[in-house]
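Thanks for asking me to look through this one with you.

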Amino acid sequence: MKVTSIHDGIIIDHVPAGHALKVLDFLGIDPRKTRLALIMNADSQTLDTKDIIKIESDIIIDVNILALIAPTATVNIVHDGSITSKEKPVLPLHVTNIITCVNPRCVTSTERGIKQQFHLVRGHEDALGMQYRCDYCDEEAKL
């Protein structure tokens, strides 16, 4: 299989195997409208297997939000065919309108127009044991 390099865009590497489509959905990237390459279940020295997403676009993503579903991922920014920077996601302390509260009695479920706001209760660098809770009802988030 041959996947060529990209000229300008981003490469999301070290995504846990089988999570590439979930990452695209979570970031709001429509694969039908975006020029991209998905490499799934590629060999990896650190993860055994991994997914890689190459996006040929001037798209801007929130790297730290990526830590919620792919904490091992790295994001490479590519300009003129060369990697100009490499970023590692860090769990955000607070997220808005990314996670939805599952509590049917929460004000965000019963009232329209209220932002879904969650705060990090505990987290580690590798995101094991991370926990987000709703700012309104303190319900634990289901990611």
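1. Let's begin with charged pairs: how many salt bridges does a search of the whole structure find? There are two, where a salt bridge is a side-chain nitrogen of Lys or Arg within 4 Å of a carboxyl oxygen of Asp or Glu. Please keep in mind that this is a predicted model, in which local features need pLDDT of at least 70, side-chain atom pairs count only at pLDDT 80 or more, and totals for chains, interfaces and linings use all residues. Residues are numbered from 1 along each chain as its sequence is written, and side-chain values use heavy atoms, with hydrogens and water left out.

2. Strands here are DSSP runs (E, at least two residues), as are helices (H or I, at least four), numbered from the N terminus. Both Lys-50 and Asp-13 are buried, meaning under 20% relative accessible area; exposed is over 50% and partly exposed in between (1.4 Å probe, protein chains only).

3. The other salt bridge is between the side chains of Arg-32 and Asp-30, at 3.2 Å from N to O. Arg-32 is exposed, with a relative accessible area of 76%.

4. Now find the open sheet of three strands, ordered E6-E7-E8 with antiparallel pairing; two strands pair if DSSP finds at least two bridges between them. Strands E6 (94–96) and E8 (131–134) each have a single partner strand, so one side of each has no neighbour in the sheet. Four bridges join E7 (residues 117–122) to E8, and Leu-120 stands opposite Tyr-132 in E8.

5. Last, look at Ile-59, in the loop between strand E3 (48–55) and helix H2 (63–66). Ile-59 counts as partly exposed, at 27% relative accessibility. Not counting residues up to four places away in sequence, Ile-59 touches Ile-10 and Ile-29, with contact meaning heavy atoms within 4.5 Å.
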